[in-house]
Amino acid sequence: MKPLYLFGTHATLAALANPMRKIKRVLVTKNTQAELQKPLAGIKNIAVVDAPKIESALPPGSVHQGIAVECDPLDQPSLQDWLSERIEKPVLLLDQITDPHNVGAILRSAAAFDVGAVIATDRNAPGESGVMAKAASGALETVPLISVTNLVQTIELLKKAGYWIAGLDGTAKQPLHEAKLDAKTALVLGAEGKGLRRLTAEHCDFLVRLPMSNRMESLNVSNAAAVALYEFFVDRSK
């Protein structure tokens, strides 16, 4: 099993500040260590290295900003454990979204708009990675990323827990802003290019769309998530 490296200032500092994250070592350049002297104070197992040493541990082209952290993946809660905490916040369900950049960006929006958890299947979805953490800009440490075996079964479990299930679909008749959404809503996002799978859509309570100009057919799924969550957040705060 390859070691997990998080990289970039926001992702690494958030990981170092997370008491649930098991840190193995920190690789940092001399210049970055000087810039981050205060947040790195008291951190053990710091190795001051040159930039090529950091780059050799990361995927090609990674923008590391002079710092990387080797660590264990987070222990995420099960859906049942999360539901038992009775957290009155909306959740996001990811229907086979495979790009870690998109999942990371969705986590970032989830944190910004006070989503309780992001749920993805354990297959046809990316695992925790430095790329995901970089795109999440620290949100991976604050928003639970819950793995489930079957999305349809998960939808039914959420319904039993009192959630309404809204599927985001560009062909839906009802625009999102007309739907009355409360904190116990699960918003389902479809895969890049394919959208919601038929069986997933059939198990949603209703489908909603984002109104947009006819100059553009659709949005990237992470952009669509941000727009939808903004509308969702504003509607809940009224």
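Is C71 buried or exposed? In this predicted model, C71 is buried, because its relative accessible area of 2% falls under the 20% limit for that class. As for bonds between cysteine sulfur atoms, the count of disulfides comes to 0.

Turning to the sheet, 7 strands are arranged in the order β7-β6-β5-β10-β8-β11-β9, forming an open sheet with parallel pairing. Strands β7 (145-148) and β9 (174-175) are found at the edges; each has a single partner strand, so one side of each lacks a neighbour in the sheet.

On one side, β5 pairs with β10 (residues 185-190) in the parallel sense, over 5 bridges, and here D95 has G190 as its bridge partner. Strand β5 also pairs with β6, again in the parallel sense, over 4 bridges, with V91 standing opposite A117 of β6. In a regular strand, side chains alternate between the two faces of the sheet. In β5 both faces are covered: V91, L93 and D95 are buried on one side, and L92 and L94 are buried on the other. Since 5 of the 5 residues of β5 are buried, this strand is largely enclosed by the rest of the structure.

Helix α6 lies across β5, β6 (117-121), β7 and β10, and runs at about 170 degrees to β5. Helix α8 (residues 151-160) lies across β5, β6, β7, β8 (164-168) and β10, with an angle of about 160 degrees to β5.

At the N-terminal end, α6 is capped by D99, which has a side-chain oxygen 2.8 Å from the backbone nitrogen of H101. Just after the helix, D114 adopts a positive phi of about 60 degrees. Along α6 itself, the buried residues are N102, V103, G104, I106, L107, S109 and A110. An α-helix has 3.6 residues a turn, so residues three or four places apart point the same way. Among the buried residues of α6 are V103, I106 and A110.

Key: Residues numbered from 1 in each chain as written. Predicted model: local features only at pLDDT ≥ 70, side-chain atom pairs only at ≥ 80, totals over all residues. Heavy atoms only, no water. Buried < 20%, exposed > 50% of the residue type's maximum accessible area, 1.4 Å probe, protein only. Helix = DSSP H or I, 4+ residues; strand = E, 2+ residues; numbered from the N terminus. Polar contact = N/O pair within 3.5 Å; in protein donor to acceptor, adjacent residues only side chain to side chain. Pairing = 2+ DSSP bridges. Contact = heavy atoms within 4.5 Å. Axes fitted to C-alpha atoms, helices over the stretch in contact; angles between N-to-C directions. Disulfide = S-S within 2.5 Å.
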